[in-house]
Amino acid sequence: SGPPPVYVGFGSMVGHDPSALASTVLSALRETGLRGVLLRGWGGLQPTAPQDDVFVMDEIPHGWLFPRVAAVVHHGGAGTTAASLRAGRPTLAVPFLGDQFFWGERVAALGAGPPPIPARRLSVERLAAALRTLNEDPGMRARAKEVGTRLRAEDGVATAVRALEEIAGL
């Protein structure tokens with residue numbers, strides 16, 4: 001019941017202190033008055049105390065959940081980025097390493113989310129500001145929806161097969 005929650009999950013990425021990261025996330029959600037779905041993930045993101053407005057879980061299919069949330073906050077992995085955009089939801093990447101930074105910048109360049117916040121720079125203030133943008137910027141919400149519509153219309157497998165056939169000269 002109530003408004004759709006914000007999904008927050010970092011997969012196996014939680015850094016050196018999963019409890020501190022969970023505390024930052026919970027404080028930002030509380031500061032913005034948003035409800036949340038917090039995925040513990042392989043990294044063990046764990047709040048120290050239960051919250052009435054945050055549902056904590058171990059795993060859930062992104063394809064099922066993301067269309068039901070208001071926005072998605074994640075580590076910026078290619079698969080999670082694709083799932084959040086396919087669902088047409090505004091997305092914030094909190095990259096930890098590697099290509100996660102690229103995908104976070106790509107989401108921002110598309111207008112489907114704010115600029116990424118590197119995990120090492122994440123704070124309650126920065127996350128709360130990004131959460132407000134994700135949930136209150138109508139242009140960003142519309143752009144995310146538009147990107148989702150385009151992605152769902154693509155036949156990625158057929159496109160990949162055609163590209164491989166062209167490369168192979170078939």
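This is a predicted model: local features need pLDDT of at least 70, side-chain atom pairs count only at pLDDT 80 or more; totals for chains, interfaces and linings use all residues.
Student: Which residues of helix α3 are buried, and which elements cover them?
Tutor: Helix α3 spans residues 78-86, and its buried residues are Thr80, Thr81, Ala83, Ser84 and Leu85. What covers these buried residues includes α2 (62-65), β4, β5, α4 and α6.

Student: How are α3 and α6 oriented to each other?
Tutor: The two helices pack with their axes 7 Å apart and at an angle of about 105°. Angles of 65 to 115 degrees count as roughly perpendicular. The orientation of α3 and α6 is therefore roughly perpendicular.

Student: Which residues make that contact, and how do they divide by class?
Tutor: From α3 come Ala82, Leu85 and Arg86, while α6 brings Ala144, Val147, Gly148, Leu151 and Arg152. By class, the residues of the contact of α3 with α6 divide into 5 nonpolar, 1 polar and 2 charged.

Student: What angle do α5 and α6 make, and how is their arrangement described?
Tutor: Helix α5 covers residues 124-136 and helix α6 covers residues 138-153, and their axes lie 6 Å apart at an angle of about 70°. The contact involves Thr133, Leu134, Asn135 and Glu136 on the α5 side, and Pro138, Met140 and Arg141 on the α6 side. These residues comprise 3 nonpolar, 2 polar and 2 charged ones. With the angle of about 70°, α5 and α6 are therefore described as roughly perpendicular.

Student: How many aromatic pairs does the structure hold, and what kind is the pair of Phe10 and Phe96?
Tutor: The structure holds 3 aromatic pairs. In the pair of Phe10 and Phe96, the ring centres are 5.8 Å apart and the planes stand at 65°, so this pair is edge-to-face.

Student: Where in the chain do Phe10 and Phe96 sit, and how many residues apart are they?
Tutor: Phe10 belongs to the loop between β1 (6-9) and α1 (18-32), whereas Phe96 belongs to the loop between β5 (91-93) and α4 (100-110). The pair thus links distant parts of the chain, and the two residues are 86 residues apart.

Student: Is Phe10 buried or exposed?
Tutor: Buried means under 20% relative accessible area. Phe10 has a relative accessibility of 1%, so this residue counts as buried.

Student: Which residues of the largest nonpolar core touch the most other members?
Tutor: This core has 27 residues, and β1, α1, β4 (71-74) and α5 each supply at least two residues of it. Those that touch the most other members are Val6, Phe10, Val73, Leu92, Leu127 and Leu131.

Student: With which residues is Val6 in contact, leaving aside neighbours within four places in sequence?
Tutor: Among the contacts of Val6 are Val73 and Leu131, which are also listed with Val6 among the residues touching the most other members of the core.

Student: Is Thr24 buried or exposed, and which residues does it touch?
Tutor: Thr24 is found in helix α1. At 16% relative accessibility, Thr24 counts as buried. Not counting residues up to four places away in sequence, Thr24 touches Leu122, Ser123, Val124 and Leu127.

Methods:
Residues are numbered from 1 along each chain as its sequence is written. Side-chain values use heavy atoms; hydrogens and water are left out. Axes are lines fitted to C-alpha atoms, for helices over the stretch in contact, and angles run from 0 to 180 degrees between N-to-C directions. Helices (H or I, at least four residues) and strands (E, at least two) are DSSP runs, numbered from the N terminus. Angles under 35 degrees count as roughly parallel, over 145 as roughly antiparallel, 65 to 115 as roughly perpendicular and the rest as oblique. Contact means heavy atoms within 4.5 Å. Ala, Val, Leu, Ile, Met, Phe, Trp, Tyr, Cys and Pro count as nonpolar, Asp, Glu, Lys and Arg as charged, and the others, Gly among them, as polar. Rings of Phe, Tyr and Trp (its six-membered ring) pair if their centres lie within 6.5 Å; planes under 30 degrees apart count as stacked, over 60 as edge-to-face and the rest as tilted. Buried means under 20% relative accessible area, exposed over 50%, partly exposed in between (1.4 Å probe, protein chains only). A nonpolar core is a set of buried Ala, Val, Leu, Ile, Met, Phe, Trp, Tyr and Cys residues joined through side-chain atoms within 4.5 Å.
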